[in-house]
Amino acid sequence: MNSAKGALDNLRVIDATQMLAGPIAGTRLGDLGADVIKIEPPVNGEFNRTRGFEDRQSNGEMTTFLAVNRNKRSLSIDLKSAEGKEVLYELVKKSDVFLQNFRFGTADRLGIGYADLKKINPKIVYCSISGYGSFGPYRDRPGQDLIVQGYSGSMFSVGALGDDPTPSALWGADVMTGYQAVIGILAAIESRHQTGTGQHVEIDMLSVVMDCQLQEIVTFLNTDRMPTRMEERSAHASIPAPYGVYKTKDAWLTLAMVPLSILGEVLDNDFLRTLTHYNDGHKHRDEIYKLIRHSFQEKTTAEWIEICDRVGAWCGPVYDYEALVKDPHIIETKYIWEQPQLRGGSAKTVRPPVRLSDTPPTIRRGAPALGEHTKEILIDLLGMPATKVEELIKSGAVGTVKE
């Protein structure tokens with residue numbers, strides 16, 4: 001796997017992003033074979049190098065940085081330095097994609113906006129990731145996952161009437177934005193095959209989160225029907241009962257899209273057996289939730305899963321991470337991989353979610369140390385003399401790894 005040629009083996013990507021949405025886009029392109037060069041300021045590097053979950057580290061790096069920066073080389077540049085900027089311009093000449101998630105206007109002020117880089121390389125595909133896009137009254141506002149969730153309307157689709165707005169525990173806005181950026185970049189690359197020129201790809205988080213709610217928003221726009229919480233807690237205000245999470249004898253159980261007549265077989269309940277219309281789960285939602293809320297506490301989760309599987313009711317366990325990584329499916333299908341690291345040898349990670357039969361995604365590099373590849377990129381790729389590189393390092397225009 002590690003020696004396989006990736007589908008994007010012929011692409012070079014400059015990744016000038018930080019935090020999550022941008023870095024995960026660069027990581028996915030790297031998983032698919034692209035040569036991804038991460039641009040970071042000297043001394044501290046990008047945000048996640050110094051700010052993590054309770055400062056948890058592995059291999060000398062924050063685990064949050066290790067997670068979304070594999071398959072990249074680190075080039076440490078001071079983009080406020082004229083010499084550093086010239087190094088970047090030379091790199092743009094030999095690259096296909098420039099990826100950035102600066103606040104609106106920052107890239108232009110630095111002289112690395114789309115108009116600037118297009119003059120240097122008309123074939124460059126330039127991708128900007130932001131919270132709210134490049135126009136409109138919110139374009140200067142900071143875009144962060146929780147804040148965008150609040151704007152999006154999604155927080156009132158979970159829970160019971162009277163509950164506080166409920167955010168998702170997943171970084172859905174960030175991660176889906178990164179994935180949409182990859183889609184946009186690949187579309188622009190395909191277009192370049194036809195036109196010979198690159199273009200500007202813009203992805204904003206609010207648009208992405210609205211797109212993730214197409215069914216709910218289209219229903220509202222055309223029928224004025226809002227997702228409506230009821231008295232009883234549910235996992236989605238627009239989905240009929242019994243959609244939700246239930247306490248069992250030893251743990252928890254999820255039920256999803258289970259016809260009520262089949263749920264009647266699971267619980268041996270004649271009333272549920274009579275509810276044969278899909279919309280019955282909406283009409284009788286509170287009644288059903290009250291009826292079944294505590295019905296699962298007589299048996300273990302494993303016992304309920306066996307019963308549900310027997311009659312075709314969709315269900316599953318509720319894991320924490322410790323249980324997740326011990327699950328036989330996770331083990332057999334090899335979800336957990338090792339990524340090589342400069343320090344410490346390797347770190348555990350989760351494999352890429354995409355499978356390709358002929359050009360499989362790979363993890364060829366771990367997350368780089370700050371400036372780990374500065375000399376390699378400047379000398380081998382840009383052809384700079386070693387003496388010139390040493391001068392740039394001494395001036396602070398670029399940085400290199402600290403041994």
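Let me begin with what I mean by an aromatic pair: two rings of Phe, Tyr or Trp, where for Trp the six-membered ring is taken, count as a pair if their centres lie within 6.5 Å. With that in mind, and remembering that what we are looking at is a predicted model, I can say that this structure holds seven aromatic pairs.

One of these is formed by tyrosine 132 and tyrosine 138, whose ring centres are 5.8 Å apart and whose planes stand at 70° to each other, which makes the pair edge-to-face. Tyrosine 132 is buried, with a relative accessible area of 9%, whereas tyrosine 138 is partly exposed, at 38%.

Tyrosine 132 also pairs with tyrosine 151, again edge-to-face, with 5.4 Å from centre to centre and 80° between the planes. What does this pair tie together? Tyrosine 132 sits in the loop between strand 7 (125–130) and helix 7 (145–152), while tyrosine 151 belongs to helix 7, so the pair links parts that are 19 residues apart in sequence. Tyrosine 151, for its part, is partly exposed, with a relative accessible area of 34%.

Elsewhere, Phe98, Tyr114 and Tyr126 form one aromatic cluster, and Phe98 will come back in a moment.

Two tryptophan rings have a lysine over the face: lysine 247 lies over tryptophan 252, at 5.7 Å from the ring centre, and lysine 299 lies over tryptophan 304, at 5.0 Å from the ring centre.

To see one member in detail, take leucine 88: if we leave aside its neighbours within four places in sequence, leucine 88 is in contact with Ile14, Ile39, Ile77, Leu79, Phe98 and Ile112.

Methods: Residues are numbered from 1 along each chain as its sequence is written. This is a predicted model: local features need pLDDT of at least 70, side-chain atom pairs count only at pLDDT 80 or more; totals for chains, interfaces and linings use all residues. Side-chain values use heavy atoms; hydrogens and water are left out. Rings of Phe, Tyr and Trp (its six-membered ring) pair if their centres lie within 6.5 Å; planes under 30 degrees apart count as stacked, over 60 as edge-to-face and the rest as tilted. Buried means under 20% relative accessible area, exposed over 50%, partly exposed in between (1.4 Å probe, protein chains only). Helices (H or I, at least four residues) and strands (E, at least two) are DSSP runs, numbered from the N terminus. A charge sits over a ring if NZ of Lys or CZ of Arg is within 6 Å of the ring centre and within 35 degrees of the ring normal. Contact means heavy atoms within 4.5 Å.
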